[in-house]
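Open the structure in your viewer and keep the selection tool at hand. The stops below are to be taken in order.

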Amino acid sequence: MPAIISVSLLTIMAPTAVSPALASIQAAFPDVPSTLVKLVLTLPALIMVPMGPLTARCSEIIGKKRILLIGMFLFLVFGLAGGLATQFWQLIAARILFGVGLGIMAPLSTSLIFDFEPDPNRRSRLMGIQGSANQLGGLIFLALSGVLANISWRYSFLTYALVLVSILLTVFFLPSRQGEKGKADAAKSEERLNAGIFVLAFFAMMIMACYFVINTDLAIFMHSEGLGSADKCGFALSVMRVPAIFMGMVLALLMKKLKDWTMPLAALVMAAGYIMIAFAHSYAMVFAACLVIGLGGGIVLPPLMLSVPRIVTPGKLTLGVAILTSVSQLGQFISPIYINLFITDGVQSPLRLRFIVAAVTTVVIAIATLLFLRTLPSKGK
């Protein structure tokens, strides 16, 4: 389990690790539009989408441990390569291949929990710990990246070297899952994949799109409003993970009491944080808003992931988890595109409006998710 959780430290927040350096990257490539510069953060998430189902299939053939190590190798090499780019296309190429590695790691970090822990209650606890690990990874990545970005935007990519710890843990401690077993599991069910998994994946994608707004826009917002430098932005984004870590540790207790209400209530708290940023005129207000966003946003995805066995049969579980994980990460890519749909020329305070759009969308998705979850059976298939 420590080997699996160590992978979780690197996955969900990995594309955002260099977000404190985004303004500096924009300055390093002044001829590149800001929308394209944001691809540095969002493009890996797009690449993750096709990698999820492909990873599920490959794991059946060569085993999950081997494919996981391949993903971590790509994560390391091309994560570091981003800091060596001298032209913007080189940086984009490195982020594409980095996304391939990340797309392999992300679904496996979750499906391995389902493999090794069949008990639903313990699984909820481990999923909460995984969520805390995701946020702890974000805290470490963003705090370190913010400091390094003040030296040079290139140094911020050095944070990806932390994957070496996970590589060692995986090599020496993670048991192998043979490909034949994966094939046997898949053969247990001849049914087609329940279309409900795509509905759940859509909700996860939109929540991630809203959650990702703070990573793509906070540094630029603070710079534009004169509310702080890159290191202050990195500090606020990293401290945001502290309440998220705590909430992950108590997720099992929350889900036991709140059940299907867990995710919608967490999403409403996250929306309140975005409203706070939209009306913030001081760094203190931004800092407080980040804490609120972390309190709710840190646990919006695990309840959805734990709902997968209520939709798909056991033989389709790995594929279902892979679809939900990869599609949710698509939210990181569509985040700026979606928000831009509501920003027109001449609108006053467009940066503040972006956070308002994120808040309203979060509320809508929270309500829709609750209605959908209420239609599912209470136990897995």
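Select helices α15 (262-278) and α19 (350-373): each supplies at least two residues of a nonpolar patch. The model you are looking at is predicted. With three residues, α19 gives the most to this patch. Now select the whole patch, made by Leu258, Trp261, Leu265, Leu268, Val363, Ile367 and Leu371, which covers about 590 Å² of surface. Pick out Leu265, which sits in helix α15. Leu265 has a relative accessibility of 36% and so counts as partly exposed.

Next come the salt bridges, of which the structure holds five. Select Asp217 and Lys38, whose closest N and O atoms are 3.1 Å apart in a salt bridge. Asp217 belongs to helix α11 (residues 213-225) and Lys38 to the loop between α3 (34-37) and α4 (39-62), so this pair ties together parts 179 residues apart in sequence. Asp217 is buried at 1% relative accessible area, and Lys38 is buried at 9%.

Move to Lys64 and Asp115, which form a salt bridge with an N to O distance of 2.4 Å. Because Lys64 lies in helix α5 (residues 64-81) and Asp115 in helix α6 (residues 88-116), the pair ties together parts 51 residues apart in sequence. Lys64 is buried at 7%, while Asp115 is partly exposed at 24%.

Finally, select Glu225 and Arg352, joined by a salt bridge at 3.2 Å, N to O. Glu225 is in helix α11 and Arg352 in helix α19, so parts 127 residues apart in sequence are tied together. Which of these two is buried, and which is partly exposed? Glu225 is partly exposed at 35%, and Arg352 is buried at 9%.

Note on methods. Residues numbered from 1 in each chain as written. Predicted model: local features only at pLDDT ≥ 70, side-chain atom pairs only at ≥ 80, totals over all residues. Heavy atoms only, no water. Patch = residues over 30% accessible without salt bridge, like charges linked within 9 Å, V, L, I, M, F, W, Y side chains within 5 Å. Areas by Shrake-Rupley, 256 points an atom, 1.4 Å probe, with all protein chains shown as cover. Salt bridge = Lys/Arg side-chain N within 4 Å of Asp/Glu carboxyl O. Helix = DSSP H or I, 4+ residues; strand = E, 2+ residues; numbered from the N terminus. Buried < 20%, exposed > 50% of the residue type's maximum accessible area, 1.4 Å probe, protein only.
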